[in-house]
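This briefing covers ring contacts, a strand pairing and a pocket. Please read it alongside the sequence and coordinates shown here.

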Amino acid sequence: MPGVQTGAVGFTPDSSHLLLGSDFESEWRRIWQVPVEGGEPTRYIEAGWDVSSVYYSHDGNYRVHSINADASTDLTITALRTGREIEMPDLGAANVSGVNF
């Protein structure tokens, strides 16, 4: 499709899905997951801004994704076993640009 930007982001920790970042059907970049064994892509992570990145902890228990929210980076860390978002401390005006596990 003309004007659609899409690129590979990586795989889920169990390697069952390829993750793609794309602005398909949206003004904003979302993360889609595509089963590696075949099947339709489904939306995985979306926000009212561009989803910039998705990373997983080495053990696959946590996912962190970042949103480019009006030139500020918003991080969300999710415990994948429970689906619960981990509460982040108030960092004031700090702009966290990376996370390492």
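The points below are grouped by topic and describe a predicted model.

- Trp28 has a relative accessibility of 24% and counts as partly exposed.
- Trp49 is also partly exposed, at a relative accessible area of 33%.

**Charge over a ring**
- The face of Tyr44 has Arg63 lying over it, 5.0 Å from the ring centre.

**The β3 and β4 hairpin**
- β3 and β4 run antiparallel and are joined by three bridges.
- Across this pairing, Trp32 stands opposite Arg43 in β4.
- Six residues lie between the strands of the hairpin, where Gly38 takes a positive phi near 110 degrees.

**The largest pocket**
- The volume of the largest pocket is about 170 Å³.
- Its lining consists of Ser72, Thr73, Asp74, Leu75, Met88, Pro89, Asp90, Leu91, Gly92, Ala94 and Val96.
- By residue class, the lining of the largest pocket divides into six nonpolar, three polar and two charged residues.
- Asp74 and Asp90 are the charged residues in that lining, because Asp counts as charged.

Definitions and conventions
Residues are numbered from 1 along each chain as its sequence is written. This is a predicted model: local features need pLDDT of at least 70, side-chain atom pairs count only at pLDDT 80 or more; totals for chains, interfaces and linings use all residues. Side-chain values use heavy atoms; hydrogens and water are left out. Buried means under 20% relative accessible area, exposed over 50%, partly exposed in between (1.4 Å probe, protein chains only). A charge sits over a ring if NZ of Lys or CZ of Arg is within 6 Å of the ring centre and within 35 degrees of the ring normal. Two strands pair if DSSP finds at least two bridges between them. Helices (H or I, at least four residues) and strands (E, at least two) are DSSP runs, numbered from the N terminus. On a 1 Å grid over the protein atoms alone, a cavity is a set of points where a 1.4 Å probe fits but cannot get out, and a pocket is an open set with protein on both sides within 12 Å along at least five of seven lines; lining residues have an atom within 4 Å of a point. Grid points are joined across faces, edges and corners, and a volume is the space filled by probe spheres set on the points.
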